[in-house]
Amino acid sequence: MSQNNPLLSFCMIVKNEEAYLPQCLQSVKGVVDEIIVVDTGSSDSTKEIAQSYGAQVVDFQWCDDFAAARNFGLERSHGQFVLFLDADEELDSAAASQLRDFLPVTQADGIYFVVRSYSAPDSLAPYYDSQQVRLFRNRPAYRFQNAIHEMIYPAIAAQGGQFVKSSWIIHHYGYLKQVVQATESRIERDRRILESMVLRHPDSLYAKAKLGFIYTIEKKYAQAFNLLTEVVQQVDANTVEADFVQSLFVGLAETALYLGNYDVAKKSAQAGWAMNAEPLLTRSAKFYHALATSASTLERLNQLATVTEISLPKSTLSTELKQMEDEMASAVVLINELCTEPDILPQAQKTLHHWQQKVNAAQGLVQNLLSHYNEEKE
């Protein structure tokens, strides 16, 4: 590897990452020519670990801006290309063995990787794959944007740069350690930054979507519903990744379900399910569709019980019950399919079986009522 004309720089930002950092740096050792680590205030052994791998460690005063921190590191990089990972990520061995042969001959300015995020124990799939630009040509015009969920591809696209999609994998393990990825302080920090972004950039659908997802995590369903509805109505599906659009539909289905807006929940879940862009999102869409159908059926039964005491034509009641029977049959099929998926994690399997019993019970109630009605009619 030439230090005078380095091919590949590795840049990252860190804070208190001693648990994951060795694994991350080991995965790029021997692949990159230089390592630049931007530290935003570590109080553990993060800096010492980075230095043991030959990294140039530079301090950055945190200012609630991830893009600024990453760009601070870019200014210190000398490679023709830049690779960036987070500390809880690892470069796959196939990428590590092929990158240095690929880079000298590619015409691309940005290279997409498959970022494989391994799921928490209660997730409906063992991992989630998304396409992200993680390697790019080192040019002054290419700088990160967004204070949080920072991205490099908009700057490359704005300059007319070329992109190529690879099958190389970056393994992301952060979601497995919930105390790191989902602590209250982390969520509060993300919300604070995103709320500021939305105030400064009220037309940013991306910022509104991410804030909507944060509100959902915080169970602020009304705020989440309003934001996600706005984004779904305005987003151009031809200009963003399919899995992002699918995540919007799934997020809207979840918030609508919790708010009792079952019609929107079912329609949104159906839209996400129909996209079938990413297995985890497709399964989530089916799950929310089954739950929304069951909840909607039970609500309608309560309404019918009240109305029937006043006056309801038997033909109307028969039509209603038959429609509910058909809808519940579809919900049972969905939940049963999810329960038989071979890679469902044990904790998620337990949750699915719980809801499977509830969906089956709702179906049984409708069937019993319809049967009782038919007997009375005879």
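**Exercise 1.** At 36% relative accessibility, does E337 count as buried, partly exposed or exposed?

*Solution.* The structure is a predicted model. Buried requires under 20% relative accessible area and exposed over 50%. E337, at 36%, therefore counts as partly exposed.

**Exercise 2.** Determine which parts of the chain are tied together by the salt bridge of K286 with E337.

*Solution.* The closest N and O atoms of K286 and E337 are 3.9 Å apart, and a salt bridge needs such atoms within 4 Å. K286 belongs to helix α12 (residues 279–310) and E337 to helix α13 (residues 314–339), so the bridge ties together parts 51 residues apart in sequence. K286 is buried, its relative accessible area being 18%.

**Exercise 3.** Describe the salt bridge of K322 with D326.

*Solution.* Here the closest N and O atoms lie 3.0 Å apart. K322 and D326 are four residues apart in helix α13, a separation of about one helical turn. K322 counts as partly exposed at 40% relative accessibility, and D326 likewise counts as partly exposed at 42%.

**Exercise 4.** Classify the ring pair of Y221 and Y258.

*Solution.* The model contains 13 aromatic pairs. In the pair of Y221 and Y258, the ring centres are 4.5 Å apart and the planes stand at 5°, so the pair is stacked. Y221 lies in helix α9 (residues 221–234) and Y258 in helix α10 (residues 242–259), so parts 37 residues apart in sequence are tied together. Y221 is buried at 12% relative accessible area, whereas Y258 counts as exposed at 51%.

Conventions: Residues are numbered from 1 along each chain as its sequence is written. This is a predicted model: local features need pLDDT of at least 70, side-chain atom pairs count only at pLDDT 80 or more; totals for chains, interfaces and linings use all residues. Side-chain values use heavy atoms; hydrogens and water are left out. Rings of Phe, Tyr and Trp (its six-membered ring) pair if their centres lie within 6.5 Å; planes under 30 degrees apart count as stacked, over 60 as edge-to-face and the rest as tilted. Helices (H or I, at least four residues) and strands (E, at least two) are DSSP runs, numbered from the N terminus. Buried means under 20% relative accessible area, exposed over 50%, partly exposed in between (1.4 Å probe, protein chains only). A salt bridge is a side-chain nitrogen of Lys or Arg within 4 Å of a carboxyl oxygen of Asp or Glu.
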